[in-house]
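Keep the sequence and the structure open side by side.

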Amino acid sequence: MTDSATDSKNVVLRYLRALRERDIPTVLEVLAEDVEYWIAGDLPISGTWTGREKVLTGFFTEMTALLDPEAEYSIEVRNVIAEAGHVVIECVSSSVTRQGTPFDNPIVAVFTLGGGRITGMREYFDTQNFARAIGAEPAAREDAA
């Protein structure tokens with residue numbers, strides 16, 4: 001099955017909407033079993049997360065530990081570029097850390113898709129801004145893969 005640009009875009013926008021709504025079943029539904037996340041930098045969330053289960057129990061668990069679970073989480077999509085099987089999103093995510101610090105995180109994420117699911121994501125953002133917001137020194141993730 002070849003995903004059209006519109007199909008690819010719709011899957012990624014559905015994923016982002018599910019993240020905003022903290023709808024984990026939908027997030028898992030749109031991720032391929034062997035999805036690969038790569039997060040820039042040397043933060044606790046940085047590195048490569050391979051497989052849907054590792055993304056859920058690793059990456060999302062790390063993010064949940066850093067952010068206030070009661071605070072609103074928003075994603076403002078500013079630009080979308082889509083081709084069949086590839087989507088680039090420019091957005092700003094906004095939240096509050098566990099320490100109560102509000103922050104905005106401008107992000108560019110490159111998604112690959114196949115069979116109607118996300119097979120990969122590479123996320124680029126200001127890692128120093130993120131480190132300041134969470135009040136942590138950057139630390140390398142060696143066990144993310």
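Which residue in E5 is the bridge partner of Val96? The partner is Pro102. Before going on, note that this is a predicted model, in which local features need pLDDT of at least 70, side-chain atom pairs count only at pLDDT 80 or more, and totals for chains, interfaces and linings use all residues. Residues are numbered from 1 along each chain as its sequence is written, and side-chain values use heavy atoms, with hydrogens and water left out.

Start with Val96 itself. Val96 lies in strand E4. Strands here are DSSP runs of E with at least two residues, helices are runs of H or I with at least four, and both are numbered from the N terminus. Setting aside neighbours within four places in sequence, Val96 is in contact with Leu67, Asp68, Ala71, Thr101 and Pro102. Contact means heavy atoms within 4.5 Å. Gly135 is 39 residues from Val96 in sequence, and the two C-alpha atoms are 12 Å apart in space.

Step on to Thr97. Thr97 sits in the loop between strand E4 (86-96) and strand E5 (102-114). Is Thr97 buried or exposed? Thr97 is buried, because its relative accessible area is 0%. The cut-offs are under 20% for buried, over 50% for exposed and in between for partly exposed, with a 1.4 Å probe and protein chains only. Beyond four places in sequence, Thr97 touches Leu66, Leu67, Asp68, Phe103, Ala133 and Ile134.

Now look along E4. Eight of its 11 residues are buried, so the strand is mostly covered. Ser93 is found in E4. Ser93 counts as buried because its relative accessible area is 7%. Not counting residues up to four places away in sequence, Ser93 touches Tyr73, Ser74, Ile75, Phe103, Asp104, Asn105 and Ile107.

E4 has partners to follow. Strand E3 (residues 74-83) pairs with E4 in the antiparallel sense over nine bridges. Two strands pair if DSSP finds at least two bridges between them. Within this pairing, Asn79 has Glu90 in E4 as its bridge partner. E3 and E4 form a hairpin with two residues between them, and Gly85 in the turn has a positive phi of about 85°. E4 and E5 also run antiparallel, joined by 11 bridges. Their hairpin has five residues between the strands, and there Gly100 takes a positive phi near 90°.

Continue from E5 to E6. Eight bridges join these two strands, which run antiparallel. Ala109 has Glu123 in E6 as its bridge partner. The E5 and E6 hairpin has two residues between the strands, with Gly115 at a positive phi near 60°. E6 also pairs with E1, in the parallel sense, over five bridges. Glu36 has Gly120 in E6 as its bridge partner.

Most residues other than glycine have a negative phi. Arg22 has a positive phi of about 55° although it is not a glycine. Arg22 lies in the loop between H1 and H2. Arg22 counts as partly exposed because its relative accessibility is 42%.

Next, go inside. A nonpolar core is a set of buried Ala, Val, Leu, Ile, Met, Phe, Trp, Tyr and Cys residues joined through side-chain atoms within 4.5 Å. The largest one has 38 residues, of which Tyr15, Tyr37, Ile45, Phe111, Ile118 and Phe130 touch the most other members. Elements giving two or more residues to this core include helix H1 (5-20), helix H3 (52-66) and helix H4 (127-134). H1 gives the most, with six residues. Beyond four places in sequence, Tyr37 touches Tyr15, Leu31, Gly47, Thr48, Trp49, Val55, Phe59, Phe60 and Met121.

Finish at the largest pocket. Its volume is about 580 Å³. A pocket is an open set of points on a 1 Å grid over the protein atoms alone, where a 1.4 Å probe fits, with protein on both sides within 12 Å along at least five of seven lines; lining residues have an atom within 4 Å of a point. Grid points are joined across faces, edges and corners, and the volume is the space filled by probe spheres set on them.

The lining has 32 residues, with Leu19, Phe60, Met63, Leu67 and Tyr73 nearest the centre of the pocket. H3 gives the most to this lining, with six residues.
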